[in-house]
Amino acid sequence: MNGVIFDFVTNQLVNISVSSSTLVPDCNAIVLAGGEGDRLRELTTDASGEVIPKQYCSINRSGCLLQDAVLRARALAGTGRVWPVVAKKHERWWRKALTDVEPSQIVVQPQNRGTAFGVLLGLLNIQLEGFSGTVLVLPADQHVEDEQIMLKALKHLTQWAERDPEGIYLLGAQPEEADPALGYILPWFDSKHTPIGAYAFIERPQEPEALKLINRGALWNTFIIAASLETLLSAYEPRFEPQLESMRRILEAEKLNGDRGLLNAEYLKWPSLDFSREILEQNIDAVQVLRLPVCGWTELGTVSKIQKALSHRGSAPSAGCLFLDLAERRSRDANSPF
């Protein structure tokens, strides 16, 4: 690869601060960061052929995407109630990115088994530590231009979940195009300011179908969720109750004797499961969709999404970039498609 710049973590991060204006009482946050980012490997493969997971990359910022997501989570839940869920195989990266997170709060998956088991592992760790209340789930592979608008939306989302502890609240973003790489949520009807029940989930429709969905009022599925701890755990029942109880017993035993071997062995038995498809869709009657105001939200799953994020921010590279700064690549590589 030409022009791809890799570096170590610095302390210069996006401007997100924890304050009383954003903190939500009894809020916990799970930051999902266990994915591989295979669709971006053409951009994130280094000279030795190793793929850097996208959550450890930067979009013209000095902090990586995982660090940005942790800061968003802390703005709502506070420093002591944020639980990054990472993959064991990515340890060389998350140890650098999470230097200011208590090791006991870093939830390590032995294997990547999809977002359903990643969320479940985070939920059970929160419960095992004696916490309750609302849980906010944030993916670590998203880019946001206006963080203050996002934080306000996250606070509203968690507050709605507090008022309705049996509901599952989900942010939906206004589509800017008929993107076939994203998931869509179709609410029962359009609403600008209040949550509306979800009628259907549609995962990565073809462009003509996506355009029809948008015309019917569909929103992009941001996979940003807020609900009570009990509601999210009960959403796994009865289909995944054996896995839930098995994981709970293993975590309880691990806390007593520190042996992670049981969890490693158990993970090898399980298939890879998607939270949206296996949990949200199966509990659609409980799902309420809240519209995310325009804030430059982008799910960085494809090269075109990287291009979009860069075009919004401009081409000037950041000082002290992290593992990957695509703005720097664009300025160095005359043959770049960006």
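Let me begin with terms: helices here are DSSP runs of H or I with at least four residues, strands are DSSP runs of E with at least two, and both are numbered from the N terminus. On that basis the chain has 12 helices and 11 strands. What you see above is a predicted model, in which local features need pLDDT of at least 70 and side-chain atom pairs count only at pLDDT 80 or more, while totals for chains, interfaces and linings use all residues. Residues are numbered from 1 along each chain as its sequence is written, and side-chain values use heavy atoms, with hydrogens and water left out.

For the chain as a whole, buried residues, meaning those under 20% relative accessible area with a 1.4 Å probe and protein chains only, make up 58% of the 338 residues. If we take contact to mean heavy atoms within 4.5 Å, then among contacts between residues at least 6 apart in sequence, 79% join residues at least 24 apart.

Turning to helix 4, residues 114–128, its 15 residues at 1.5 Å a residue should span 21 Å, and the end C-alpha atoms, at 22 Å apart, agree with that; the expected span is 1.5 Å times one less than the number of residues. Helix 4 is mostly covered, with 12 of its 15 residues buried, among them Phe117, Val119, Leu120 and Asn125. Just after helix 4, Gly130 takes a positive phi of about 90°.

Next, a helix pair. Two packed helices are described by the angle between their axes and the distance between the axes. Helix 8 (residues 241–257) and helix 9 (residues 261–269) pack at an angle of about 160°, with axes 9 Å apart, which makes helix 8 roughly antiparallel to helix 9, a label given to angles over 145 degrees. Those axes are lines fitted to C-alpha atoms over the stretch in contact, and angles run from 0 to 180 degrees between N-to-C directions. The contact is made by Ser246, Met247, Ile250, Leu251 and Glu254 of helix 8, together with Leu262, Leu263, Glu266 and Tyr267 of helix 9.

Finally, what is the setting of Glu207 in helix 6? Glu207 lies in helix 6, residues 207–215, and is partly exposed, with a relative accessible area of 48%, where partly exposed covers values between the 20% limit for buried and the 50% above which a residue is exposed. Leaving aside neighbours within four places in sequence, Glu207 is in contact with Ala178 and Pro180. The C-alpha atoms of Glu207 and Ala178 are separated by 5.6 Å, although the two residues are 29 apart along the chain.

Definitions and conventions: Parallel < 35°, antiparallel > 145°, perpendicular 65-115°, else oblique.
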